[in-house]
Amino acid sequence: MTNSQEAGTDQTQIGRVLHFVINTSGSIRCRPAFVVENFSHLNKKGPVNLDVFLDINDRPDDIEPLIMSIQNVYPNHIYRIPNTWHWPRECESLRGKP
Ligand SMILES: [Zn+2]
């Protein structure tokens, strides 16, 4: 079973929690993200709009909010690349350091 086949059996839905990949201080990290809008009915690979829940250390200046709204995010079920999302269960098998 490949990651893409696995991903094809599951659908994004408003309210689901995904992982969103960020680059924080030069480190590639996953953060939990809540699906707030879902465009998979328009495009099967479908972008989603996410509210991403950051760690306090992602915002060392302590000025910006810890929830970041990101629009039109596409999945990557193979590589851990900033500004993409994947299912939490895929995290261990992704290429790229967590
Ligand atoms: Zn992850």
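S93 is found in the segment after β5; strands here are DSSP runs of E with at least two residues, helices are DSSP runs of H or I with at least four, and both are numbered from the N terminus. The structure is a predicted model, in which local features need pLDDT of at least 70, side-chain atom pairs count only at pLDDT 80 or more, and totals for chains, interfaces and linings use all residues. Residues are numbered from 1 along each chain as its sequence is written. S93 counts as exposed because 12 other C-beta atoms lie within 10 Å. The cut-offs behind that word are simple: a residue is buried if 20 or more other C-beta atoms lie within 10 Å of its own, exposed if 12 or fewer, and partly exposed in between, with the C-beta atoms placed from the backbone. Although S93 and Y79 are 14 residues apart in sequence, their C-alpha atoms are 8.9 Å apart in space.

R95 is also found in the segment after β5. With 10 other C-beta atoms within 10 Å, R95 is exposed. Setting aside the neighbours within four places in sequence, R95 is in contact with I78, Y79 and R80, where contact means that the C-beta atoms of two residues, placed from the backbone, lie within 7 Å.

Now for the overall layout. The protein has one helix and five strands, and from the N terminus on they come in the order α-β-β-β-β-β. The strands build a closed barrel of five, β1-β2-β3-β4-β5, with mixed pairing. From one strand to the next, the twist averages 50 degrees; axes are lines fitted to C-alpha atoms (for helices, over the stretch in contact), and angles run from 0 to 180 degrees between N-to-C directions.

How do the strands pair up? Two strands pair if DSSP finds at least two bridges between them.

S25 sits in the loop between β1 (17–24) and β2 (27–38). In this hairpin, with two residues between the strands, S25 takes a positive phi near 55 degrees, and S25 is a residue other than glycine. S25 is exposed, because 8 other C-beta atoms lie within 10 Å. N83 lies in the loop between β4 (67–75) and β5 (84–86), and N83 has a positive phi of about 70 degrees although it is not a glycine. N83 has 13 C-beta neighbours inside 10 Å, so it counts as partly exposed.

Turning to the inside, buried residues make up 16% of the 98 residues in the protein. In soluble globular proteins, nonpolar side chains tend to be buried together. The largest nonpolar core has nine residues, namely L18, F20, V21, A33, V48, L50, V52, V73 and W85. A nonpolar core is a set of buried Ala, Val, Leu, Ile, Met, Phe, Trp, Tyr and Cys residues joined through C-beta atoms within 7 Å. β1 and β3 are the elements that give two or more residues to this core. Beyond its neighbours within four places in sequence, W85 is in contact with L18, H19, F20, A33, V48, L50, V73 and P75. Across the protein, 39% of contacts between residues at least 6 apart in sequence join residues at least 24 apart.

Finally, how far can the model be trusted? pLDDT is the predictor's confidence in each residue, from 0 to 100. The mean pLDDT of the protein is 85, and 83% of its residues reach 70 or more. Confidence is highest in β3, at a mean of 96, and lowest in helix α1 (residues 3–8), at 48. Over residues 1–7, pLDDT stays under 50, and the model has eight contacts beyond four places in sequence for this stretch. Where pLDDT is low, the predicted coordinates should not be read in detail.
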